[in-house]
Amino acid sequence: MAQPDHAKKIFFENLSGAGKAIAVLTSGGDAQGMNAAVRAVVRMGLYVGAKVYFIHEGYQGMVDGGDNIKEATWESVSSMLQVGGTVIGSARCKEFRTHEGRLKAAHNLVQRGITNLCVIGGDGSLTGANLFREEWSGLLTELVEQGVIEEESIQKYSALHIVGMVGSIDNDFCGTDMTIGTDSALHRIIEVVDAIMTTAQSHQRTFVLEVMGRHCGYLALVSALACGADWVLIPEMPPEDGWEDKMCQKLSANRAGMKRLNIIIIAEGAIDQNNRPITTDYVKDLVVKNLGFDTRVTILGHVQRGGTPSAFDRILASRMGVEAVLALLETTANTPACVVSLSGNQSVRLPLMECVQMTQAVQKAMDEKRFEDAVKLRGRSFENNLRTYKLLAHRKPESELPVSSFNVAVLNVGAPAAGMNAAVRSAVRVGISEGHKMFAVNDGFEGFSKGQIKEIKWSDVGGWTGQGGSLLGTKRTLPAKHVEKIAEQMRKHSISALLVIGGFEALLSLLELQSARGRYEEFCVPMVMVPATVSNNVPGSDLSIGADTALNAITTTCDRIKQSASGTKRRVFIIETMGGYCGYLASVGGLASGADAAYIYEEAFDIKDLQANVEHLTEKMKTTIQRGLVLRNENSNENYTTDFIYQLYSEEGRGVFDCRKNVLGHMQQGGAPSPFDRNFGTKISAKAMQWITNKLQETFRQGRIFANTEDSCCLLGMRRRALVFQPVVDLKDETDFVHRIPKEQWWLKLRPLMKILAKYKTSYDVSDSGQLEHVGGNRPKELDASVAM
């Protein structure tokens, strides 16, 4: 892949880690994805020539020393990417909180020449690391005075450098959109909720679920948003006095509306306005006493911390691990301890103590009953989640709805993608809340032309968030064929705005409708597209609804395929993924599953590259590595097919490894949507509907809607750290229409990272690498940080 001219590249000559020693430890509670972070730190550290050490059992291992601090090798982190928890162990250490304990820890590090620490943990672990750093020179002086180390050690090991990564399922650390482990915990919660909903429906039951999170309501709030829960209780926004009656009225109204179940989600730290705990038993007894509903309590507990990390957490942890090593290489004696963080889909570095102080400020605000301040301090992501939940879960009485005579149509176009239904539900409910009459179109523009359009009500979309595929039905048919009939249907149903949810065909459809405005006034209405496709090939957006679910399907399948070879002879698997000409699924799926190579259309390859990959794998297989994984995008090369690559690897690897191939096919498109896709679809669609409302008000003149400007036909996409509305005509220059992909794709910068972690010598573009920013200053004004959930 061609590198931009301005790129800083890592070679062994510059940004070298030669002579440096880096230690990595996990501390506090465990979280899925910690192993992926450890693996990335070890391999990136070794790649740049540094010595890397494991510190087993967290700070306890640092204090105890001995075999708890071991040098890491490349092979020692093999096969740990898909393992939950932390294989190097984690422990809470009282001794490290004492001066004597930190003195022992300093001695153990100096003995091994370690002056770079990568700490993966929560705010307590990171605060402890910062205190250790501040005391470092004093601790060394004390060790010299005790005669334990030589005086020149003070000069040689004068500064301790700290970089933190936040590993916590609670997502309670300010400054980052997502902490390592949060997405996986949401997967566990949603799996349980989906299962519970089937049994609850059978018996017309109410379920009260308690989820983890300590004093943070993130898991409860986002899981409530992802499953469409009837009620949620979180510590940051305690319910108003009299909430018990309101909740019972809501549950009763839902049952009256033919809903056969109720779901109430409670954060373990939920409180009322007087800071008194709200328990699951209290809520259960309340429902039974007031309504007489058959009610059950489920406390999820440590299930949420267990299991395999999600694709999101593996990618996040791998990116953060590499970024942490870069931060340690670039640090100086004056650089403050930093946290490697995520904003949108960009890596950023934030001063550790600024983040810790803001995190502590949230708890202080809650203790002082300044709950609105607590919500704001949690960040825009949390605020937006709360606002969206309120908008979708609680229907306003007819008397409170805005007066509007606008009809808005919503339809799916292109191939089905998990999360489409969540997006439709969100659009319908936000539209109704804004006073519009919502219409659902079945089977895309083909159905539109046939008049398959009907009004859709609030209750019609209940339970849609967890459904895969497209309940409205979707077709790839473009509107140009039926433009006259579609215009007739628009006129017949007085449609004043269009929301199109779909992939590349949706973009082409909007371009065709916009060009038809000169001939048909019916299309002179606000039109907006929300990207939804597993291929993630829509120009103007870094992410599409459905891509995360497909990545999880690929990652889970690759885990199983690799495991099938455990205990057998050395084996390499060739896996074909979907995506058309877009290599997103192959590349990012390769990074999440620990692939050795990923062949894609965007990065041309020839027989020499294939041969080099085979030789590289052959060398690895001669060591302790037992399994290899190679991904190929379905349209990466018309001649180097999956069969060809399988036969080549089989022949060239003869005597060292054997080969198997798998075509994953449409399983990547099916299944229940992931928590990420449910929430991404919900929030991006809500934002699109709010844009439609504003455009309708702007373009309403003399009793009718007339919108024919370029900015009235837009795509809403995520660009780096922001959700942006872009006129579709402006995206023409960014699009390769022949291959149906954007001309520039952000994820190509992740490919060298995959190669480095697979032990290839390559250059790595760090031009986008995180620069030290300040908390609160790391998000542009228009950012919807919750795009990263």
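This is a predicted model: local features need pLDDT of at least 70, side-chain atom pairs count only at pLDDT 80 or more; totals for chains, interfaces and linings use all residues.
Me: In what order do the strands of the seven-stranded open sheet stand?
Reply: The pairing in this open sheet is mixed. From one strand to the next, the twist averages 25°. The seven strands follow the order 3-2-1-4-5-10-11.

Me: Why is one side of strand 3 and of strand 11 left without a neighbour in the sheet?
Reply: Strand 3 covers residues 69–71 and strand 11 covers residues 346–351. Both stand at the edges of the sheet, so one side of each lacks a neighbour there. The reason is that each has a single partner strand.

Me: Which residue of strand 4 is the bridge partner of Val24?
Reply: Strand 1 (residues 21–26) and strand 4 (residues 116–121) run parallel and are joined by five bridges. In strand 4, the partner of Val24 is Cys118.

Me: What angle does the direction of helix 11 make with that of strand 11?
Reply: Helix 11, residues 352–367, packs on the sheet that contains strand 11. Its contacts are with strand 5 (161–166), strand 10 (338–343) and strand 11. With the direction of strand 11, that of helix 11 makes about 85°.

Me: Which strands stand at the edges of the four-stranded open sheet?
Reply: The order of this sheet is 7-8-6-9, with parallel pairing, and its twist averages 15° from one strand to the next.

Me: What is the bridge partner of Phe207 in strand 8?
Reply: Strand 6 (residues 206–211) runs parallel to strand 8, and six bridges join them. The partner of Phe207 in strand 8 is Ile263.

Me: At what angle does helix 9 run to strand 9?
Reply: Helix 9 lies across strand 6, strand 7, strand 8 and strand 9. Relative to strand 9, helix 9 runs at about 170°.

Me: At what angle do helix 8 and helix 9 pack?
Reply: Helix 8 (residues 243–256) passes helix 9 (residues 280–291) in a right-handed crossing. Their axes lie 10 Å apart, and the angle is about 65°.

Me: How many nonpolar residues does the contact of helix 8 with helix 9 have?
Reply: Helix 8 contributes Trp243, Glu244, Asp245, Met247, Cys248, Leu251 and Ser252, while helix 9 contributes Tyr282, Val283, Leu286, Val287, Asn290 and Leu291. By class, two of these residues are polar, two are charged and the nonpolar ones number nine.

Me: Which element supplies the largest share of the lining of the largest pocket?
Reply: This pocket holds about 1,400 Å³ of space. Among the elements that each supply at least two residues of its lining are helix 6 (182–203), strand 8 (262–267) and helix 13 (380–393). The largest share, six residues, comes from helix 8.

Me: Which residues of the lining are the closest to the centre of the largest pocket?
Reply: The lining divides into 22 nonpolar, 15 polar and 13 charged residues. Of the 50 residues in this lining, the closest to the centre are Ala229, Asp230, Lys250, Tyr389 and Ala393.

Me: Which helix gives the most to the lining of the largest cavity?
Reply: About 280 Å³ of space lies in this cavity, and Phe312, Ile315, Leu543, Tyr584 and Trp746 are the closest to its centre of the 19 lining residues. By class, the lining has 14 nonpolar, three polar and two charged residues. Helix 10 (311–330), helix 18 (547–563) and helix 19 (584–593) each supply at least two residues. With four residues, the most comes from helix 10.

Me: How many charged residues does the lining of the second largest cavity have?
Reply: The second largest cavity holds about 50 Å³ of space, and its lining residues include Met165, Thr176, Leu316 and Val340. Strand 5, helix 10 and strand 10 are the elements that give two or more residues to this lining. Seven of the residues are nonpolar and three are polar, and the number of charged residues is none.

Me: Which residue takes a positive phi in the hairpin of strand 24 and strand 25?
Reply: Strand 24 (residues 713–719) and strand 25 (residues 722–727) run antiparallel and are joined by six bridges. Met718 stands opposite Leu723 of strand 25. The hairpin has two residues between the strands, and the one with a positive phi, near 50°, is Arg720.

Methods
Residues are numbered from 1 along each chain as its sequence is written. Side-chain values use heavy atoms; hydrogens and water are left out. Axes are lines fitted to C-alpha atoms, for helices over the stretch in contact, and angles run from 0 to 180 degrees between N-to-C directions. A crossing is left-handed if the near helix is turned anticlockwise from the far one by less than a right angle, and right-handed if clockwise. Contact means heavy atoms within 4.5 Å. Ala, Val, Leu, Ile, Met, Phe, Trp, Tyr, Cys and Pro count as nonpolar, Asp, Glu, Lys and Arg as charged, and the others, Gly among them, as polar. On a 1 Å grid over the protein atoms alone, a cavity is a set of points where a 1.4 Å probe fits but cannot get out, and a pocket is an open set with protein on both sides within 12 Å along at least five of seven lines; lining residues have an atom within 4 Å of a point. Grid points are joined across faces, edges and corners, and a volume is the space filled by probe spheres set on the points. Two strands pair if DSSP finds at least two bridges between them.
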